[in-house]
Amino acid sequence: MMYLRWKKPELKRPFKLPLVVPVIFTLCCIFIVVLSFVEAPEHSGYGLLINALGIPVYLLFIYRKNRPKTYIDFMEKATISLQKLMFVVAQETLVGEEETRKQLMSDDRQNQVLESEIENT
């Protein structure tokens, strides 16, 4: 945010903060990180190591633009499998389900109208 204020001051911003707010926030974050390294350097070092191990993984699997076809196919299959496992894929509509869905939606709408009438009384 401070960088954009400095480099592109003409950009329209949805809200403005005094510059002191992000400066204080940044200083507090730096203080917390430094304090964790002072108090528990071994544990903080492990955390830093785990984060640093993510850099080569990112460079190999995300940043690289010319990925092999086998890798792309594997990632698509893995993504679809995980979506099914986590139930984040919309189900296909079976014959007859559309009528049931419409009925449920109309029941929900009727319940909303009744609840609003009760709130207004």
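The following legends describe an overall view and several close-up views of a predicted model.

**View 1. Overall fold of the protein.** The protein has five helices and zero strands, where helices (H or I, at least four residues) and strands (E, at least two) are DSSP runs numbered from the N terminus. Along the sequence, the pattern reads α-α-α-α-α. Of the 121 residues in the protein, 2% are buried; buried means under 20% relative accessible area, exposed over 50%, and partly exposed in between (1.4 Å probe, protein chains only). The accessible surface comes to about 11,600 Å², and carbon and sulfur atoms account for 68% of this surface. Accessible areas come from the Shrake-Rupley method with a 1.4 Å probe, and for residues only the protein chains shown count as cover.

**View 2. Packing of helices α2 and α3.** Helix α2 spans residues 20-39 and helix α3 spans residues 41-63; the two pack at an angle of about 125 degrees, with their axes 5 Å apart. Axes are lines fitted to C-alpha atoms, for helices over the stretch in contact, and angles run from 0 to 180 degrees between N-to-C directions. The helices α2 and α3 are therefore oblique to each other, given that angles under 35 degrees count as roughly parallel, over 145 as roughly antiparallel, 65 to 115 as roughly perpendicular and the rest as oblique. From α2, Ser-36, Phe-37, Val-38 and Glu-39 meet Pro-41, Ser-44, Gly-45 and Leu-48 of α3, contact being heavy atoms within 4.5 Å.

**View 3. Surroundings of Pro-22.** Pro-22 is found in helix α2. Because its relative accessibility is 12%, Pro-22 counts as buried. Met-2 lies 20 residues from Pro-22 in sequence, and the two are 7.5 Å apart in space, C-alpha to C-alpha.

**View 4. Helix α4 and its salt bridge.** Helix α4 (residues 69-85) has 17 residues and reaches 24 Å from its first C-alpha to its last, close to the 24 Å expected at 1.5 Å a residue; the expected span is 1.5 Å times one less than the number of residues. The structure holds one salt bridge, defined as a side-chain nitrogen of Lys or Arg within 4 Å of a carboxyl oxygen of Asp or Glu. It joins the side chains of Lys-69 and Asp-73 (3.2 Å, N to O). Both residues lie in α4, four residues apart, about one turn of the helix. Lys-69 counts as exposed at 60% relative accessibility, whereas Asp-73, at 28%, counts as partly exposed. After α4 comes Phe-87, whose phi is positive, near 60 degrees.

**Notes.** Residues are numbered from 1 along each chain as its sequence is written, and side-chain values use heavy atoms, with hydrogens and water left out. Local features need pLDDT of at least 70 and side-chain atom pairs count only at pLDDT 80 or more, while totals for chains, interfaces and linings use all residues.
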